[in-house]
Amino acid sequence: MKRSLVKFVKIPRVEDDCFLCFMEGNRQIPFDIKRIFYIGLPVPNLSRGKHAHRVNKQVLFCIQGVVRMVLDDGREKEEVILDKPEVGLFLDNMIWHEMKDMDEKTILLVVASELYDEKDYFRNYEDFL
Ligand code: T46
């Protein structure tokens, strides 16, 4: 059976007079969370990412707006749209990924298994392969 590159991480969404989502390391998030960052106010037609990580694993949430994620393990490519704050995308290490088609409201929240280290990045596709 074909292995899917797209692995969702669903987190609780509590609804009362607003919504509230939460996540905890080694519970919904399948690793110790060492770093959190977020990305927002994209210019039109922005494409970001275009790299893979040697070790770092991440879960990416589109907490507002929309993003199209393109994933590539060097053999297969898959795309997925994220537009729900309670549905994250698990980005394993050694997966080339690109964020596309964000709208002007898009905010991405990313939890990571490792501290920032530029040496962890493959930013050149041929090197990644
Ligand atoms: C990823 C996708 C989803 C830091 O100094 N510390 C950090 O923790 C991060 C995440 C970035 N930076 C610096 C490195 C660059 O000078 O911020 C600048 C922009 O980073 P980058 O071009 O890698 O941004 P994106 O949006 O292409 O990628 C980011 C993450 O870097 C990456 O790990 O998987 O979001």
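**Rings, cores and charges**

Okay, let's start in helix α1, residues 125-128: Y125 and F128 are three residues apart there, which puts about one helical turn between them.

Quick housekeeping before I go on. This is a predicted model, where local features need pLDDT of at least 70 and side-chain atom pairs count only at pLDDT 80 or more, while totals for chains, interfaces and linings use all residues. Residues are numbered from 1 along each chain as its sequence is written, and side-chain values use heavy atoms, with hydrogens and water left out.

Back to the rings. Rings of Phe, Tyr and Trp (its six-membered ring) pair up if their centres lie within 6.5 Å; planes under 30 degrees apart are stacked, over 60 edge-to-face, and the rest tilted. By that rule we get five aromatic pairs. One of them is Y125 with F128, a tilted pair with 5.8 Å from centre to centre and 45° between the planes. Are these two buried or exposed? Y125 is partly exposed at 29% relative accessible area, whereas F128 is buried at 6%. Those words have cut-offs: buried is under 20% relative accessible area, exposed is over 50%, and partly exposed is in between, using a 1.4 Å probe and protein chains only. Both rings belong to one aromatic cluster, together with W96 and F122.

Now, the inside. Nonpolar side chains tend to be buried together in soluble globular proteins. A nonpolar core, for us, is a set of buried Ala, Val, Leu, Ile, Met, Phe, Trp, Tyr and Cys residues joined through side-chain atoms within 4.5 Å. The largest one has 18 residues, and V67, M69, L89 and L108 touch the most other members. β7 gives the most, three residues.

Let's zoom in on V67. Leaving out residues up to four places away in sequence, V67 touches C62, V80, I81, L82, M99, K100, D101, M102 and L108. Contact means heavy atoms within 4.5 Å.

K100 takes us to the charges. A salt bridge is a side-chain nitrogen of Lys or Arg within 4 Å of a carboxyl oxygen of Asp or Glu. That rule gives 12 salt bridges. One is E98 with K100, closest N and O atoms 3.9 Å apart; E98 is buried at 15%, while K100 is partly exposed at 25%. Another is R27 with E24, at 3.2 Å between the closest N and O atoms. There, R27 is exposed at 64% and E24 partly exposed at 33%. K119 and D117 also meet, 3.6 Å from N to O.

Definitions and conventions. Helices (H or I, at least four residues) and strands (E, at least two) are DSSP runs, numbered from the N terminus.
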